[in-house]
Amino acid sequence: MGIILIVLCIVDFTWTTLWIDGGAGPVTDRLSSVVWKIFRKLSGGHSKPLSLAGPIVLSATLAAWIGMLWVGWTLVFAGLEGSISPSQGNDPISWFDRIYYAGYLIFTLGNGDFSPSEGIWQIASVVATGTGMLFITFGVTYLISILSAVTAKRSFAASIHGVGETAEELAENTWNGRDFHDIDLLLNTYSTQLSTLTAQHIAYPVLHYYHSASNETAMPSAVVILDEALSIMKFAVPSAHHPNRLLLKEARSSVQSYLNTLNKSFYKPSETVPSVPDFPYLHEAGIPLVPEKEYTKAFAELEERRRELLGGIEADARSWPERPKIFGKE
């Protein structure tokens with residue numbers, strides 16, 4: 001049983017931290033999902049308590065790895081009566097002694113007040129110390145990488161929310177009176193940032209569970225605002241006014257890649273279709289639009305993509321970002 005626990009810990013740890021394309025290991029994936037669901041239920045949809053879910057998921061994952069490693073080596077050294085002995089005296093070895101000895105090894109503190117029996121148990125003690133050293137080294141690196149990625153996520157979201165709190169507002173603010181070429185430089189930046197964040201979400205699946213207490217730094221809503229604005233520019237505005245076509249295609253492709261990487265235990269496409277953008281508002285803002293029949297058909301064909309976007313928003317316990325309705329108007 002001890003060997004099984006150690007192997008399971010090493011496999012899950014390696015899978016989660018070193019296998020870039022593997023996502024989370026089997027233990028980490030299930031543990032993260034359970035902790036997130038508990039927080040979703042207890043928080044009642046409030047962002048402040050839900051923002052603790054990410055740190056708790058990460059802490060629980062690290063604790064699970066430590067626990068499996070510690071319990072595993074304790075059971076290994078309990079597998080034979082004479083595996084360890086006191087450095088002084090001949091007192092019998094208790095379970096607490098084995099737990100103490102295993103913990104002393106994996107935290108690389110030495111052998112403590114006990115020494116391994118000659119032969120295989122000496123080798124086992126060295127291997128136990130090696131697993132603990134590797135765990136601590138890679139665990140600290142993993143932790144720093146995740147915190148860096150969380151900061152990058154919030155910086156990306158804040159940048160988009162700074163341009164517009166809704167897709168309509170972002171489209172209006174990037175319209176220069178003639179076309180949308182003012183957004184070309186931003187599209188290049190957003191595509192690069194989003195591609196990097198997508199790769200980090202694959203490498204560090206725990207990022208999905210880092211919920212921002214502030215909507216201004218929430219990545220799911222920022223991705224929705226960006227993609228909806230790009231859909232407006234591509235399908236609702238005549239082609240003569242489009243931003244750079246290559247940058248537009250790259251940005252939309254980056255969004256789709258991000259949606260494809262969302263952890264399936266964290267998210268699923270919504271069963272409902274979000275409301276279409278406020279086209280009358282865009283028309284009043286002076287943005288030229290194609291005939292209503294054309295953009296209505298185009299957004300109907302985007303139904304699956306928009307359901308995925310709404311699913312990501314709902315998984316993050318947020319609502320679809322849209323302009324407030326003015327009384328007496330649609």
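Is R306 buried or exposed, going by its relative accessibility? At 2% relative accessibility, R306 counts as buried; here buried stands for under 20% relative accessible area, exposed for over 50% and partly exposed for in between, with a 1.4 Å probe and protein chains only.

Please keep in mind that this is a predicted model, in which local features need pLDDT of at least 70, side-chain atom pairs count only at pLDDT 80 or more, and totals for chains, interfaces and linings use all residues. Residues are numbered from 1 along each chain as its sequence is written, and side-chain values use heavy atoms, with hydrogens and water left out.

Let us turn to the salt bridges. A salt bridge is a side-chain nitrogen of Lys or Arg within 4 Å of a carboxyl oxygen of Asp or Glu, and by this rule the count comes to 4. Among them are these:

| Salt bridge | N to O distance |
|---|---|
| D227 and R305 | 2.6 Å |
| E228 and R306 | 2.9 Å |
| E304 and R307 | 2.6 Å |

E228 is buried, at a relative accessible area of 3%.

D227 is buried too, at 0% relative accessibility, and R305 is buried at 12%.

E304 is partly exposed, with a relative accessible area of 41%, whereas R307 is buried at 17%.
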